[in-house]
Amino acid sequence: MSLDTTPFPSPASRFLSDVVDGLTREQKRLPCKYLYDDRGSQLFNAICELPEYYPTRTELALTERFAPEVAQRIGESANLIELGAGSGLKTRTLLTHLEDPAAYIPVDISSHELSRCVRAISSQFPELTVKPVVADYTGDWSLPRLARSARSLFYFPGSTIGNFEPDAARGFLAQKAALAGSDGALLIGVDLKKDPAILEAAYNDRAGITAEFNLNLLRRINRELNADFALHDFRHQAIYNADAGRIEMHLISERDQQIALPGRTIEFTRGESIITEHSYKYAIEEFASLAEDANWRTRSFWVDPDGLFSLWYLETSEIH
């Protein structure tokens, strides 16, 4: 393996300002990207193994089945740019089928998770050039210098696009279309609208791992910002908002309380919640329209037999 270890600096931390801003709103909320510290990333990997959590295994099955078609469409010597690399499980399946990829560029906010991903890729693909980027892929970051000009294939699995509000999702995809260039491509996982009972079970697992994942955000705020959240005074709940077409993940205060942050006290009333994540679900026609508005042209999409999840292969359309 040729592993480029040149460091790419993350943007300056805005953790405190984001927490204060979110917790002083009428509806308290926290950016979901902060769920993924090292412990949070490990817990999310455990969530992906749960029987209630269908997205990971369903998307993996779609990837295993249709990766040869993706590889044929993208052609040889592509740069594979993964946004939110995580454990890299589905990526390894995709790389198995790509023809002589020029480089793999995994981007992740967690340096520990990124290191684990790179080690796994290194072991399986020793000849592959890997250029990891530790960054918040929703913010300002730059692609590393690449050894040779090649077509760009952005990879955005896991239905993470659902964590964006629809207008923000449109803008995010449009930015990636511009970065990909006139011959760029995107392989993206999109969770579908379905029976709310299936959705709510996936985010309220019986083992309580999603609850621990959600509460870990408060633990992180305590550790990194010297706050004094008592985790036992909050409970996790995820609900499906059918009107908005999204799962809403909440941390609900079990009592009236005050939380101390540096230079600030936050008041909670009993039953008041912090929204920590929105996860939008799409109908096929809804996502196709959103992608088209963001300058992506649908070339293929695939859905599992139960209609739970979709995998899309898109190419850049002409940008005027």
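This is a predicted model: local features need pLDDT of at least 70, side-chain atom pairs count only at pLDDT 80 or more; totals for chains, interfaces and linings use all residues.
The buried part of helix α1, which spans residues 15-23, consists of F15, D18, V19, V20, G22 and L23. These buried residues are covered by elements that include a helix, α8 (209-225), together with the strands β2 (28-29), β11 (257-261), β12 (264-268) and β13 (273-280).

Packing between helices was examined next. Two packed helices are described by the angle between their axes and the distance between the axes. For helix α2 (residues 38-47) and helix α5 (residues 111-124), the angle is about 50° and the axes lie 8 Å apart. Helix α2 is therefore oblique to α5. On the α2 side the contact is formed by D38, S41, Q42 and N45, and on the α5 side by H112, E113 and R116. Classification of the residues in this contact gives four polar and three charged, with no nonpolar residue.

Helix α5 also packs against helix α4 (residues 89-97), at an angle of about 30° and with the axes 11 Å apart. Angles under 35 degrees count as roughly parallel, and α4 and α5 are therefore assigned to that class. The crossing of these two helices, α4 and α5, is right-handed. Helix α4 contributes R92, L95 and T96 to the contact, while A120, I121 and Q124 are contributed by α5. In the contact of α4 with α5, three residues are nonpolar, two are polar and one is charged.

Backbone geometry was considered last. Most residues other than glycine have a negative phi. A positive phi, near 60°, is found at S77, a residue other than glycine. Residue S77 is located in the loop that joins α3 (54-74) and β3 (79-83). The relative accessibility of S77 is 15%, and S77 is therefore classed as buried, the cut-off for this class being under 20%.

Residue N226 likewise is not a glycine and has a positive phi near 60°. The position of N226 is in the loop between α8 and β9 (234-241). With a relative accessible area of 66%, N226 is classed as exposed, a term that applies over 50%. Thus S77 is buried, whereas N226 is exposed.

Definitions and conventions:
Residues are numbered from 1 along each chain as its sequence is written. Side-chain values use heavy atoms; hydrogens and water are left out. Buried means under 20% relative accessible area, exposed over 50%, partly exposed in between (1.4 Å probe, protein chains only). Helices (H or I, at least four residues) and strands (E, at least two) are DSSP runs, numbered from the N terminus. Contact means heavy atoms within 4.5 Å. Axes are lines fitted to C-alpha atoms, for helices over the stretch in contact, and angles run from 0 to 180 degrees between N-to-C directions. Angles under 35 degrees count as roughly parallel, over 145 as roughly antiparallel, 65 to 115 as roughly perpendicular and the rest as oblique. Ala, Val, Leu, Ile, Met, Phe, Trp, Tyr, Cys and Pro count as nonpolar, Asp, Glu, Lys and Arg as charged, and the others, Gly among them, as polar. A crossing is left-handed if the near helix is turned anticlockwise from the far one by less than a right angle, and right-handed if clockwise.
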